[in-house]
Amino acid sequence: MALPSSIPTLTDPDRLASWLTEPGVRVLDASWYLPQAGRDPGAEFLAAHIPGALFFDHDASSDPDTPLPHMLPSARQFSARMEALGVSDDDLIVVYDSSGTNVSAGRAWWMLRTFGHERTTVLDGGFQRWLREGRPVESGPQTLPPGRFRAQRNGCAVRDLAAIRQAVHSGAVQIVDARSQGRFEGTAPEPRPGLRGGHLPGSRNLPHQELVGPDGRLLPAAELRRRFSAAGIDVGRPVILSCGSGVSACALALALEQLGAESVSVYDGSWSEWGAREDTPVETGPASPP
């Protein structure tokens, strides 16, 4: 079958199954978990994955020259990483994870889009949905010949420390934190040592887990809008997303893409940067009224 020229943000298992035998389709298992989860995504991939899938290692695909976790690499570094996996510019890429909440598939999708690869979609419901539907899996490593990938970074999709300082000072841009309510309010410990509790002054809180249903599928657009609105977020205004290390924030970016939001960026350093510094203001407790 011919592959579509226009790629939706989300795809379903039926469509993916029909694509698996087509040339030019690359499936990426982008599973990742916080250390306290006690899960090894690489080992889980080797045990079982969608046929033909490649393992997208978030740590290996991040900037190696900074102590901050999961920072975007340079365009050159990302190109080399994709080529080593066997991914090329013309490929249709389907990303999934095994979390049931799009915790890291959204990050891989966002990275690929930020580096110019528009032909990228996320498997709605992820690997757990694939398994529930009794679809085939395979085990072991997957290697392909090197691809040809030329990344071009979209700077508008990323915000750095200086930009966040300005956003906090001006209050002109909505900042939305995807961490849990306890971490946002400073009542639950941070999973990484050396970080203060709390949140960016003036920011809103919408935990990424609240964007999916019990089956792991992204909620319908009307319900997504309701949840953003209930959190005090206007999806028609510019939004900067943050979380612990820039991973789960991209699950919100995925939802906002479904809603047609046009000005969405991610604070790449997120709380791993802001919460570790002594010269950055922090608020605790619930979000202030909008």
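Let's start with helix α4, residues 105-114. Nine of its ten residues are buried, so the helix is largely enclosed by the rest of the structure. Buried means under 20% relative accessible area, with a 1.4 Å probe and protein chains only. Helices here are DSSP runs of H or I, at least four residues, numbered from the N terminus.

A word on the source. This is a predicted model, where local features need pLDDT of at least 70, side-chain atom pairs count only at pLDDT 80 or more, and totals for chains, interfaces and linings use all residues. Residues are numbered from 1 along each chain as its sequence is written, and side-chain values use heavy atoms, without hydrogens and water.

Back to α4. Its buried residues include W109, W110 and M111. Just after the helix, G116 has a positive phi of about 95°.

Now the pockets. A pocket is an open set of points on a 1 Å grid over the protein atoms alone, where a 1.4 Å probe fits, with protein on both sides within 12 Å along at least five of seven lines; lining residues have an atom within 4 Å of a point. Volume is the space filled by probe spheres set on the points, which are joined across faces, edges and corners.

The largest pocket has a volume of about 350 Å³. It has 20 lining residues, and W32, L34, V103, H208 and Q209 are the closest to its centre.

Helix α9 (249-258) supplies at least two.

Terms used:
Buried < 20%, exposed > 50% of the residue type's maximum accessible area, 1.4 Å probe, protein only.
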